[in-house]
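How do helices pack against one another in this model? Take a look at the structure, then read on.

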Amino acid sequence: MFQTLFKSVLTAIENGGKPARINASTSVGYSKEQAEVIQRLKTAKDNYERLGLPSGATKDDINRAYRKLAVLIHPDKSLAPGSEDAFKALVNARAALLQSHR
């Protein structure tokens with residue numbers, strides 16, 4: 001029991017004070033869906049592809065897709081590697097798409 005507590009404390013320290021989330025489906029602290037979204041955000045060719053939208057999507061579609069992905073990969077909620085950079089790419093993609101609609 002002490003070893004489990006000790007490992008949890010070490011993990012929290014390594015994560016900048018955030019405790020490791022234990023998900024019943026995985027033992028790594030993040031889901032497969034989070035990893036897939038992060039990979040898509042890194043490899044996408046354009047902003048529509050980053051948000052998973054077809055070209056010419058409306059502002060409402062852009063905002064809806066952004067909110068869905070932001071909840072999934074926000075660095076405060078996700079322990080997946082690369083979530084901070086992916087979240088920045090998501091924010092920039094949304095801003096660029098909304099700017100082009102003006």
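## Before we start

An axis here is a line fitted to C-alpha atoms, for helices over the stretch in contact, and angles run from 0 to 180 degrees between N-to-C directions. The model is predicted. Two packed helices are described by the angle between their axes and the distance between the axes.

## Helices α2 and α4

Helix α2 spans residues 32–43, and helix α4 spans residues 59–73. Their axes come within 10 Å and cross at roughly 120°. The two helices are therefore oblique to each other. The crossing of α2 past α4 is left-handed.

Which residues in α2 meet α4? They are E33, Q34, V37, I38, R40 and L41. On the α4 side, the partners are L69, L72 and I73. Sorted by class, this contact has six nonpolar, one polar and two charged residues.

## Helices α4 and α5

Helix α5 covers residues 83–100. The axes of α4 and α5 come within 10 Å and cross at roughly 170°. An angle over 145 degrees counts as roughly antiparallel, so α4 is roughly antiparallel to α5.

From α4, the contact uses K59, I62, N63, Y66, L69, A70 and I73. From α5, it uses S83, A86, F87, L90, V91, R94, L97 and L98. By class, α4 and α5 bring together 11 nonpolar, two polar and two charged residues.

## A charge over a ring

Y66 and R94 both belong to the contact of α4 with α5. The charged end of R94 sits over the ring of Y66. It lies 4.5 Å from the centre of that ring.

How many aromatic pairs are there? The count is zero.

Methods. Residues are numbered from 1 along each chain as its sequence is written. This is a predicted model: local features need pLDDT of at least 70, side-chain atom pairs count only at pLDDT 80 or more; totals for chains, interfaces and linings use all residues. Side-chain values use heavy atoms; hydrogens and water are left out. Helices (H or I, at least four residues) and strands (E, at least two) are DSSP runs, numbered from the N terminus. Angles under 35 degrees count as roughly parallel, over 145 as roughly antiparallel, 65 to 115 as roughly perpendicular and the rest as oblique. A crossing is left-handed if the near helix is turned anticlockwise from the far one by less than a right angle, and right-handed if clockwise. Contact means heavy atoms within 4.5 Å. Ala, Val, Leu, Ile, Met, Phe, Trp, Tyr, Cys and Pro count as nonpolar, Asp, Glu, Lys and Arg as charged, and the others, Gly among them, as polar. Rings of Phe, Tyr and Trp (its six-membered ring) pair if their centres lie within 6.5 Å; planes under 30 degrees apart count as stacked, over 60 as edge-to-face and the rest as tilted. A charge sits over a ring if NZ of Lys or CZ of Arg is within 6 Å of the ring centre and within 35 degrees of the ring normal.
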